[in-house]
Amino acid sequence: MTIPSQPQPLTIPPRLLMGPGPSNANPRILSAMSLPAIGHLDPFYLEMMDQIQDLLRYVWQTENELTISISGTGSAGMEASLANVVEPGDVVLIGVMGYFGHRLVDMATRYGADVKTINKPWGENFSLAELKEAIETHKPAILGLVNAETSTGVRQPLEGVGELCREHNCLLLVDAVTSLGGVPFYTDKWGVDLAYSCSQKGLGCPPGLSPFTMSDRAIEKLQKRTTSVSNWYLDMNLLSQYWGEPRKYHHTAPCNMNYGLREALALIVEEGLENCWQRHQQNAELLWEGLEKLGLVCHVEKQYRLPTLTTVRIPEGVNGKAVSIYLLKEYNIEIGGGLGELAGKVWRIGLMGYNSRPENVLLLLEALRKVL
């Protein structure tokens with residue numbers, strides 16, 4: 001075998017990540033992640049896990065005992081949500097209004113669910129009346145919704161959905177990957193039974209963890225299963241014994257990633273959660289105003305736009321991919337392209353976590369002005 005040439009020390013281009021994720025991390029988070037690793041059953045680490053749970057409960061706005069960080073990205077959280085409460089034959093109703101609704105369908109199908117869907121064009125969301133009609137028609141055990149659809153930039157309102165699910169003995173499962181930390185989210189107030197997110201967007205931490213929370217109603221369904229959870233790694237029966245008493249070994253946790261998450265959550269507490277939400281909204285509105293002045297049109301009606309992620313329609317005659325490449329090459333700014341039905345039709349601009357700052361908005365707008 002040929003011996004490779006001696007690698008040089010690793011260097012990374014100074015990118016400003018303003019796409020759909022990841023976002024740049026606060027230097028304090030990166031500093032925390034560089035601290036020495038310790039054992040995943042070390043008393044200090046177990047104490048830090050308790051801190052992470054308390055901090056996550058604040059950010060999730062919940063009292064749920066089973067609130068943890070899953071070792072894996074947001075898709076692991078999605079998988080955990082479905083794996084623990086779906087039994088073969090369960091009717092699972094999923095609202096599909098973009099790429100990640102389709103991913104929920106795919107995963108639920110793999111766990112043997114009888115999947116039903118309600119659909120909206122990419123750029124719209126569901127009304128409470130539409131969800132009510134679909135629940136009454138399909139009588140699901142679980143309703144799955146994407147609160148912040150990363151592919152379209154749409155926010156799905158959740159007010160009243162939890163009450164509707166309780167009236168029909170149905171669990172409410174919510175994807176909050178692009179909302180947690182940047183968009184108002186009230187787990188308990190809205191009656192959300194299962195929710196998952198990621199570390200690298202609104203929380204402003206590098207990717208690798210999935211914040212997760214599970215209500216007592218969802219735990220009751222888990223405990224009444226007649227079949228084993230089909231995913232050992234994400235089985236909450238096992239993980240709850242690592243994150244709670246009796247602190248049984250389950251897997252080797254990514255300690256340094258959790259150092260970073262702990263600092264990311266601490267920063268939100270220091271700022272104040274409502275202030276954090278307001279900052280994301282204000283910077284998004286600054287972006288929207290600037291885009292309008294450039295003659296660019298947002299894809300989503302303003303009332304339902306995400307402050308964390310904006311989809312911008314690519315003007316007629318403009319090569320969207322070429323613009324993205326030029327921004328990266330000349331300005332070190334990353335923005336995203338469209339997914340699925342919106343591929344080649346929109347740019348996706350993220351303002352998440354540490355990156356949601358006015359100076360970043362103004363820098364991007366000036367770069368777009370020159371490029372276009």
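Biologist: How many residues of the lining of the largest pocket are nonpolar, polar or charged?

Modeller: First, the terms. A pocket is found on a 1 Å grid over the protein atoms alone, as an open set of points for a 1.4 Å probe, with protein on both sides within 12 Å along at least five of seven lines; lining residues have an atom within 4 Å of a point. Ala, Val, Leu, Ile, Met, Phe, Trp, Tyr, Cys and Pro count as nonpolar, Asp, Glu, Lys and Arg as charged, and the others, Gly among them, as polar. Here, the lining has ten nonpolar, six polar and four charged residues. This is a predicted model, in which local features need pLDDT of at least 70 and side-chain atom pairs pLDDT 80 or more, while totals for chains, interfaces and linings use all residues. Residues are numbered from 1 along each chain, and side-chain values use heavy atoms, without hydrogens or water.

Biologist: Which residues lie nearest the centre of the largest pocket?

Modeller: They are Phe 100, Arg 103, Val 177, Gln 200 and Lys 201, out of 20 lining residues.

Biologist: What is the domain assignment of the protein?

Modeller: Domain bounds come from an automatic or database assignment. Here, domain 1 covers 16–22 + 273–371 and domain 2 covers 27–269. Their C-alpha centres are 26 Å apart. Where they are in contact (heavy atoms within 4.5 Å), domain 1 supplies 25 residues and domain 2 supplies 31. Each domain also gives at least three residues to the lining of the largest pocket.

Biologist: Which residues have the most contacts inside the largest nonpolar core?

Modeller: In soluble globular proteins, nonpolar side chains tend to be buried together. A nonpolar core is a set of buried Ala, Val, Leu, Ile, Met, Phe, Trp, Tyr and Cys residues joined through side-chain atoms within 4.5 Å. Buried means under 20% relative accessible area, exposed over 50%, and partly exposed in between (1.4 Å probe, protein chains only). Of the 91 residues in this core, those with the most contacts are Leu 82, Leu 143, Phe 185, Phe 212, Met 214 and Met 236. Another core lies apart from it, with 22 residues, including Val 323 and Ile 333.

Biologist: Is Gly 89 buried or exposed?

Modeller: Gly 89 counts as exposed because its relative accessibility is 52%. Beyond its neighbours within four places in sequence, Gly 89 is in contact with Gly 112, Ala 113 and Asp 114.
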